[in-house]
Amino acid sequence: MNPATTPRDALREFLENLKAAPRRLLDTAFRTGPPTTDRTRSTFVFGNVFLHLHSVRTHLWSLKWSTTMGLGIMSVSAFLIALVTGVMLMFYYKPYPDVAYESMKDIHFVVPTGRLIRNLHRWSANIMVIAVILHMARAFYTAAYRRPREYNWLIGIGLLVVTLGLSFTGYLLPWDQLAYWAITIGANIAQSPREVTDAVGITEVFDPGGFQRLLLLGSDQVGAEALIRFYLLHVMILPLAIAALMGVHFWRIRKDGGMVRPADADELLKGTREQETYPVFTEAPVKTYQLAAVVKGRTANVGRGPENTVPSMPHLFYAELGVLMLTLLICLALSMVSDAPLKELANPNVPENPAKAPWYFLGLQEMVSFSAFMGGIGVPAIVLLGLALIPYLDRETEGTGKWFGGPGGWPLVRFSAVFGLASSILLEAFVIRFGWLREWIPNIPQLIVTLVNPATILTTIYALYSIWCIRRFQSVRAGALGLFTCFLAGFLVLTIIGTYFRGPNWEFFWSPSDWPQH
Amino acid sequence: MTTKSTPPRSRLDPEAVPRRDWLGLSSLWTMGAALLFGTIGMLKLPKAAVLASPSKKFRIALPETLALGEAFIPPGRAVAVFRDAEGVHAVSTICTHLGCVVKPNPDGFECPCHGSRFKADGEVTRGPAPQPLPWLKVSVSGGLVTIDEGATVPAGTKVQA
């Protein structure tokens, strides 16, 4: 029985409860009050389903700008922007040939803010691809893939693949000339194992290429079936896959001990930021313990406090919010100055000339202009396999957590960059000037062209260079540094050539203004 | 006959297959197998038994003005039809490299996507195309030419009216 004894008391209590309801709503939602003390800053993190993927305290090394450059958070931020704008585009987009193009035109020209949302979607996707690649480079150059983070490096490679998949599947949806011919090329790259099976003469009985293309297009040509499949991949299957992978990726960061840091990080940080940060403990502890069986670590933390850590609220979260806002600012600024392209309605009889894929695939397209199978499937598969193997081949410890750490260091990376750029530019220059095998020997068997072409030659040069690095520095890490740098350089050179120097009929032009009129 | 006495099992040694776990384990494996085979069965769904594509056969009349050896492209089709003294033949204009539509030029065909070049009979002269352009099945009756884009014939097969 309520202690309110009179009807008047009961009514007063009702009114007081009503007045207190907003405050109590906040109290029950956040439970622990404002994050002003060590204790409430901790509960702020682990009492919140969205924040508790973070640890309660963050090491100062992780907060240094040079540790991560915010690239991981930038990737997530770009993904979130693409997610929100993508859902908004779905209000108007209709995945059916020709109708799709009309709905894109509506979004671009009629729907209020439609053009901005579409531009944001396109730019955030581009920023995401750049951020993911740079994030991978950061993890590689700081040797963050090493024990115990090997598995998370693999998850990261999965995220890179799904990110590229999301971008590629989005490319078809406008159903314009650009989209149609990029997907025709993409689907035929999926079919390119036929280049080998045809040459060997077993396509009749074993045709993985044809199967892949059929699976992707749902038909023997790019049509309504292909569009709905790409739409399904783009808005459902791949986003779910990337969300699952991101969950594992973030969770593993914590379980693997947070951001990578050098063994002597605490000494390096001595004397920095002591005034700016909230105190570690209000009273210095005599001892701290950890559950050694549950929390992974080489030694128990007995006898010393977790120095150089600060509460994640506010230090880490404000930094993350800062990166999110910066990403949003970049995407918005780019969306204001540059519209997403929309060409003529897809025409299956007249290819776009030149038909170019999104920029990050133009390096691949440069390679497939010699051999569809090797450039589109063979070499990318070798590169992905090589990336996946790095943490299992490099079992060293020198230089972990330091930029360009390990034998060779920055001088080796600098030399490898020059070597990688020079060899790819020279090879491309030779091919552009003198042509390739079929121009010299018209009847050359296809298998030889598949095996010997600029893509495979460049891969071989880089692999040999990497072996030289291993021998020169007696270190697998040095070989990895050389190889990774070379591949970044090769990717850059091929992408730039594919983007700026290839014109109609995929011929070399110094500038688009030299393109013939057609 | 000797009997081999097994030493009594220690309390800490696990049983080889714990008897009471056997049913549990086998039902777990059954469940796993059911899910696995069910999923494999459903994976057949994305591969349609009948492809949703328009008919590959079409019939056209060649223009009177078509010169001998000149390529005629029926509107909306990726096929080049030729007429010469030996008869009529059709060459697919879908590039064997990555599926772009090739354009006739004075020497044969050129592909706009990656620069493959073909002779008029479909043979590759340069570029990345791994195969020659296929010749398509043609039949001629009453001045009309029927072409089947889905059926290829050996290069050099020409059909007299």
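Q: Which residue is the bridge partner of B:Phe82 in β3(B)?
A: In this predicted model, β2(B) and strand β3 (residues 87-92) of chain B run antiparallel and are joined by six bridges. One pairing between these strands sets B:Val79 against its bridge partner B:Ser92 in β3(B). For B:Phe82, the bridge partner in β3(B) is B:His89.

Q: Which residue in β8(B) stands opposite B:Ala90?
A: Strand β8 (residues 135-141) of chain B runs antiparallel to β3(B), and two bridges join them. Within β8(B), the residue that stands opposite B:Ala90 is B:Leu136.

Q: Which are the edge strands of the open sheet of five strands in chain B?
A: The strands of this open sheet are arranged with antiparallel pairing in the order β1-β9-β8-β3-β2 (chain B), and the twist from one strand to the next averages 30°. Two of these strands pair on one side only, and these edge strands are β1 (57-61) and β2 (79-84) of chain B.

Q: What is the average twist from one strand to the next in the open sheet of four strands in chain B?
A: This open sheet has antiparallel pairing and the order β4-β5-β6-β7 (chain B). Its edge strands, each of which pairs on one side only, are β4 (103-105) and β7 of chain B. From one strand to the next, the twist averages 35°.

Q: Which residue in β7(B) is the bridge partner of B:Arg117?
A: Strand β6 (residues 117-119) of chain B and β7(B) run antiparallel, with two bridges joining them. In β7(B), the bridge partner of B:Arg117 is B:Arg126.

Q: Which strand of chain B gives the most to the side of chain B that touches chain A?
A: Between the two chains, 25 residues of chain B are in contact with 35 residues of chain A. Sorted by class, the side of chain B that touches chain A has 13 nonpolar, nine polar and three charged residues. The strand that gives the most to this side, with three residues, spans residues 124-126 of chain B and is β7.

Q: How many nonpolar residues does the contact of α8(A) with α16(A) have?
A: From α8(A), the residues A:Glu150, A:Trp153, A:Leu154 and A:Ile157 take part, and they meet A:Leu384, A:Leu387, A:Ala388, A:Pro391 and A:Tyr392 in α16(A). By class, this contact has no polar residues and one charged residue, while the number of nonpolar residues is eight.

Q: What distance separates the centres of domain 1 and domain 2 of chain A?
A: The domain assignment of chain A gives domain 1 (7-46), domain 2 (68-268 + 315-341) and domain 3 (361-518). Taken over C-alpha atoms, the centres of domain 1 and domain 2 of chain A are separated by 42 Å.

Conventions
Residues numbered from 1 in each chain as written. Chains lettered and ligands numbered in written order. Predicted model: local features only at pLDDT ≥ 70, side-chain atom pairs only at ≥ 80, totals over all residues. Contact = placed C-beta atoms within 7 Å. Nonpolar A, V, L, I, M, F, W, Y, C, P; charged D, E, K, R; others polar. Domains from an automatic or database assignment. Pairing = 2+ DSSP bridges. Axes fitted to C-alpha atoms, helices over the stretch in contact; angles between N-to-C directions.
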